[in-house]
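Student: I have a model open and would like to go through it with you. Could we take it region by region?

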Amino acid sequence: MDEHPDPQARTPTYDAFRARLDAWEMWEVLSEVQRGEIILTTYPAAQWFEDPALQALASQRQDAIAWG
């Protein structure tokens, strides 16, 4: 993880951006099965139909359109 050159100068905006970037980097290295497990155990059901959750869950089904 890259750190801001001056930790004292970090802002809430920088910290939020860095957290989102770190989360995205971790998400990208997960397999579709791992993503599905995380989605089904931590996301509220309403978010299952939003990207990237829908894409990850549908990719594990024979008929992705009918899955929902």
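Student: Is A58 buried or exposed?
Tutor: This is a predicted model, and in it A58 is buried, because its relative accessible area is 11%, under the 20% cut-off.

Student: Which helix holds A58?
Tutor: A58 belongs to helix α3, which covers residues 53-58.

Student: How far is A58 from E32?
Tutor: The C-alpha atoms of A58 and E32 are 9.7 Å apart, while along the chain 26 residues separate them.

Student: Turning to G36, where is that residue, and is it buried or exposed?
Tutor: G36 sits in helix α2. It counts as buried because its relative accessibility is 3%.

Student: What does G36 touch, leaving out residues up to four places away in sequence?
Tutor: With those set aside, G36 is in contact with L57 and Q60.

Student: And how far is G36 from W48?
Tutor: C-alpha to C-alpha, the distance between G36 and W48 is 9.7 Å, with a sequence separation of twelve residues.

Student: Let us move to helix packing. How do α1 and α2 cross?
Tutor: Two packed helices are described by the angle between their axes and the distance between the axes. Here α1 (residues 12-29) and α2 (residues 32-42) have axes that come within 8 Å and cross at roughly 125°. That angle makes α1 oblique to α2.

Student: Which residues meet there?
Tutor: From α1, the residues are W27, E28 and V29; they meet Q34, R35, I38 and I39 of α2. By class, this contact has four nonpolar residues, one polar and two charged.

Student: Finally, the whole chain. How many helices and strands does it have?
Tutor: The protein chain has four helices and zero strands, and its pattern along the sequence reads α-α-α-α.

Student: What share of the residues is buried?
Tutor: Of the 68 residues in the protein chain, 15% are buried.

Student: And what share of the contacts links residues 24 or more positions apart?
Tutor: Such pairs account for 17% of the contacts in the protein chain with a separation of 6 or more.

Key: Residues numbered from 1 in each chain as written. Predicted model: local features only at pLDDT ≥ 70, side-chain atom pairs only at ≥ 80, totals over all residues. Heavy atoms only, no water. Helix = DSSP H or I, 4+ residues; strand = E, 2+ residues; numbered from the N terminus. Buried < 20%, exposed > 50% of the residue type's maximum accessible area, 1.4 Å probe, protein only. Axes fitted to C-alpha atoms, helices over the stretch in contact; angles between N-to-C directions. Parallel < 35°, antiparallel > 145°, perpendicular 65-115°, else oblique. Contact = heavy atoms within 4.5 Å. Nonpolar A, V, L, I, M, F, W, Y, C, P; charged D, E, K, R; others polar.
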